Every structure is written in C-alpha cells, then in structure tokens.
Amino acid sequence: MPLEQKLWNMEQAIIDQTIKALERNHFEVYFANNRQEARDIFFQEIFDKIKPTTISWGDSETMKATGILSEIEQRPECILIRTFQDGYSRAQKTYWRRQALLADLFVTGTNALTRQGQLVNVDMVGNRVAGITFGPEHVVLFIGTNKITDNIEQAMERIRTTAAPLNAIRHPHLHTPCQTTRTCMNCQSSDRLCNTWTITEKSLPQKRIKIILINESLGL
C-alpha cells in the first residue's frame, strides 16, 4: 500500500475513533468534509430544527471561516447578542457577555479535542468557556480535525505552544511575552490570555453540545 494511502487511512481511523468517543460522551456529532458542508449542516440539520431566537458566540476563527454569522444576521427572527462591538466599554462588554449565557444558541470553537472525546479550552475572561459549560440551551462547536490530539496532556501542550500564542499575536493591543516567544511563558502579564482552563468530559444534558467536526485545518 502506498505511504500516502497508509497515512490517509491512519488519519481517517483517528477521526472515526474521535467521533465514536464524542458520541459515547453524549455529544451530538456531525462530520463535514469542508467548511461549506459544515455551514450546510449547521443550518439544515441544527439551526432550522432548534429554531433559536437569541444567538450569541464566542471568539473562534474556525466558526468565522464557515461564514454562518453573516447569514444569521440576515434572518429577521434572530436577535444577536453581540459581545465584540467596537466602542464597548468594559462594563458594556461584561453586561452583554452575561446576557450571552441566556441565549438559545451559543456558537464557537474549541482549542483542542482529544481522541477520548474531551474538549480542552483556555480563556482570558472566561465568557467563552462559560457559554460552553453552562447557560445557553444549545451549543454548537465548529472544530477542524487539526485540533485532534492524543490525550489531555498533548491538548494542553498544543494550546500552550500554538493556539494561545497565535491568539495573542492577533490581538496587538495586548502585551504578553508569548507574542514574541511563540510559546507560553506562564507570564504574570495583566493581558495574560491563559487564565481559566476547562476540560469538558461529557455533554450534560445529553446532546446539548453539538459538534461539527470539519475535515480541514482550521482555526488556531
């Protein structure tokens, strides 16, 4: 068997194992070959069935890559709880982040996903991980297959050496050492992004968290 085919089979086996583990952990899982298919699944298989009125989201490059927000904005029946508006004061941001926890639907991504079906995330303020763990009635996570790791330790290492530094770099108004070193320095900066770690082992209630696993390298 050609090496390329062996590698493809190995990658497919990892994806299949991860999906089965997620389902055992009571997540509702959809598989998409690309971001356009992920968008179609979101609207046809999830959004149009749960019919949310209030929607909010956490910062996620993977979710943004699907373009779902622009379509949601065109739907007159939907109320968007915006937590990222330019010009918001700190008090306004905090207020709307709290309101987002009452939304019918919360959409975002994850920093890492283990082959055992666990979600691993780190947050600066905590509003994104709060929305995943409690509050909104429905949660949809868009996750590229590049986020799959062997275990929790590898997931945390991925976040420290890839996701967190790249996230800091795309926010130039922040000042953290990882913007220069490209790896976590366990800093004491007031702009530190890595303040709250969460590991989500299972979805409770069952299928509250819906995952669209996308067979592309997406996000940070």
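This is a predicted model: local features need pLDDT of at least 70, side-chain atom pairs count only at pLDDT 80 or more; totals for chains, interfaces and linings use all residues.

Modeller: Residues are numbered from 1 along each chain as its sequence is written, and side-chain values use heavy atoms, with hydrogens and water left out.

Biologist: How many helices and strands does the secondary structure of the chain come to?

Modeller: Helices (H or I, at least four residues) and strands (E, at least two) are DSSP runs, numbered from the N terminus. Here there are 8 helices and 10 strands. The radius of gyration is taken over C-alpha atoms, and the globule rule is 2.2 Å times the number of residues to the power 0.38. The chain has a radius of gyration of 17 Å, close to the 17 Å that the rule gives for 220 residues, so it is as compact as a globular protein of that length. Along the principal axes, its C-alpha atoms fill a box of roughly 60 × 45 × 30 Å.

Biologist: In what order do the 4 strands of the open sheet lie?

Modeller: Strands of a sheet pair through backbone hydrogen bonds, either parallel or antiparallel. Two strands count as paired if DSSP finds at least two bridges between them. In this open sheet the order is S8-S5-S6-S9, with mixed pairing. Strand S8 (148–149) and strand S9 (196–200) are the edges, each pairing on one side only. S5 (residues 112–114) runs parallel to S8, joined to it by 2 bridges; leucine 113 stands opposite isoleucine 148 in S8.

Biologist: How many aromatic pairs are there?

Modeller: A pair of aromatic rings is described by the distance of the centres and the angle of the planes. Rings of Phe, Tyr and Trp (its six-membered ring) pair if their centres lie within 6.5 Å; planes under 30 degrees apart count as stacked, over 60 as edge-to-face and the rest as tilted. The count by this rule is 5. One of them is the tilted pair of phenylalanine 42 and phenylalanine 142, 5.6 Å centre to centre with 55° between the planes. Phenylalanine 42 lies in helix H2 (residues 35–50) and phenylalanine 142 in strand S7 (residues 138–144), so the pair ties together parts that are 100 residues apart in sequence. Ring pairs link Phe42, Phe43, Phe47 and Phe142 into a cluster.

Biologist: Is phenylalanine 42 buried or exposed?

Modeller: Buried means under 20% relative accessible area, exposed over 50%, and partly exposed in between (1.4 Å probe, protein chains only). Phenylalanine 42 is buried at 0% relative accessibility, and phenylalanine 142 is likewise buried at 0%. In the chain, buried residues make up 45% of the 220 residues.

Biologist: How much space lies in the largest pocket?

Modeller: On a 1 Å grid over the protein atoms alone, a cavity is a set of points where a 1.4 Å probe fits but cannot get out; a pocket is an open set with protein on both sides within 12 Å along at least five of seven lines, and lining residues have an atom within 4 Å of a point. Grid points are joined across faces, edges and corners, and a volume is the space filled by probe spheres set on the points. The largest pocket holds about 1100 Å³. Its lining has 42 residues, with Asp59, Phe84, Arg97, Met124 and His171 nearest the centre. H5 gives the most to this lining, 4 residues.
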